[in-house]
Amino acid sequence: MRALLIDDDRELARLLLDYLTPHGVELEAVETGALGLERLEARGFDVVLLDVMLPGADGFEICRRIRRKHDVPIVMLTARGEDTDRIVGLEIGADDYVPKPFNPRELLARMRAVLRRARPPGPGTSSQGNRGAAPALAARLEVGDLVIDVPGHKALMGGRELGLTSFEFRVLVVLARRAGETVTREELATEVLRDHRVKAGGAYDPIVDRSLDVHVSHLRHKLGDVAREPRRIRTVRGVGYVLLRPS
């Protein structure tokens, strides 16, 4: 795994370098957003670790700039753990949010989780591993002029590639596999936000629920859809969402 850390905390950079390297992570650290953008352009990375409190342009602005050109998974880091900051980060395209201080082991687990979502299983694999005889999942999904290359992590509409984040892509894949059917919020959360679920008597963290709405809204926008007169994704109030098949 190649990871880019954008954080001006040199002590944290040394700690993460010491911890992540033996776990197969090639970590490159820079201290400003401008340098981070330069390194991202110069070479490919599997995941970006992005601090919110950066000198110059803050992490939110850097996240926006990254999303204009790249769909690399982004894990935001911050000493500020307010819900508002978490929601803003997810709204502008971050894939996960880790408040400081954190356990490096947890960060590594979250890095691996966003990579799993960014690289869905290929044909013949299932979320249940080797248990049972689950049918093979299609590697290519088509719903009207919408074509999804699952292993390639590409979605095209009318031949034009959509620039989706890993969250948005996973949402689209789940909906496309059941096109024409209502997918409940719980089912979407299980598939797309599995690593963000917070068990509290069976309830979901409201931040998770909010982030799901945000990603569906962004996905609608990229599909050229509008919530009031949906042609692509319809909200089933109080239940979930359905990807509409062309009539």
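Among contacts between residues at least 6 apart in sequence, what percentage join residues at least 24 apart?

**View 1. The whole protein chain, a predicted model.** The share is 59%. The protein chain has eight helices and twelve strands. Of its 247 residues, 44% are buried. The chain exposes about 12600 Å², with 49% of that supplied by carbon and sulfur atoms.

**View 2. Aspartate 51 in strand β3.** The strand covers residues 47-51. Is aspartate 51 buried or exposed? Aspartate 51 counts as buried because its relative accessibility is 3%, and the cut-off for buried is under 20%. Its side chain makes a polar contact with the side chain of lysine 100, at 3.3 Å.

**View 3. The surroundings of aspartate 51.** Neighbours within four places in sequence are left aside here. Aspartate 51 is then in contact with Ile6, Asp7 and Asp8, and also with Gly59, Leu77, Thr78 and Lys100.

**View 4. The buried face of helix α2.** Helix α2 spans residues 33-42, and its buried residues are Gly33, Gly36, Leu37 and Leu40. Seen down the axis of α2, these residues fall within an arc of 100°, so they line one face of the helix. An α-helix has 3.6 residues a turn, so residues three or four places apart point the same way.

**View 5. Packing and the opposite side of α2.** Which elements do the buried residues of α2 pack against? They pack against strands β1 (2-6), β2 (26-30) and β3, and against helix α3 (59-69). Exposed residues Glu38 and Ala42 sit on the face turned away from the buried side.

Key: Residues numbered from 1 in each chain as written. Predicted model: local features only at pLDDT ≥ 70, side-chain atom pairs only at ≥ 80, totals over all residues. Heavy atoms only, no water. Helix = DSSP H or I, 4+ residues; strand = E, 2+ residues; numbered from the N terminus. Buried < 20%, exposed > 50% of the residue type's maximum accessible area, 1.4 Å probe, protein only. Contact = heavy atoms within 4.5 Å. Areas by Shrake-Rupley, 256 points an atom, 1.4 Å probe, with all protein chains shown as cover. Polar contact = N/O pair within 3.5 Å; in protein donor to acceptor, adjacent residues only side chain to side chain. Arc of directions from axis to C-beta.
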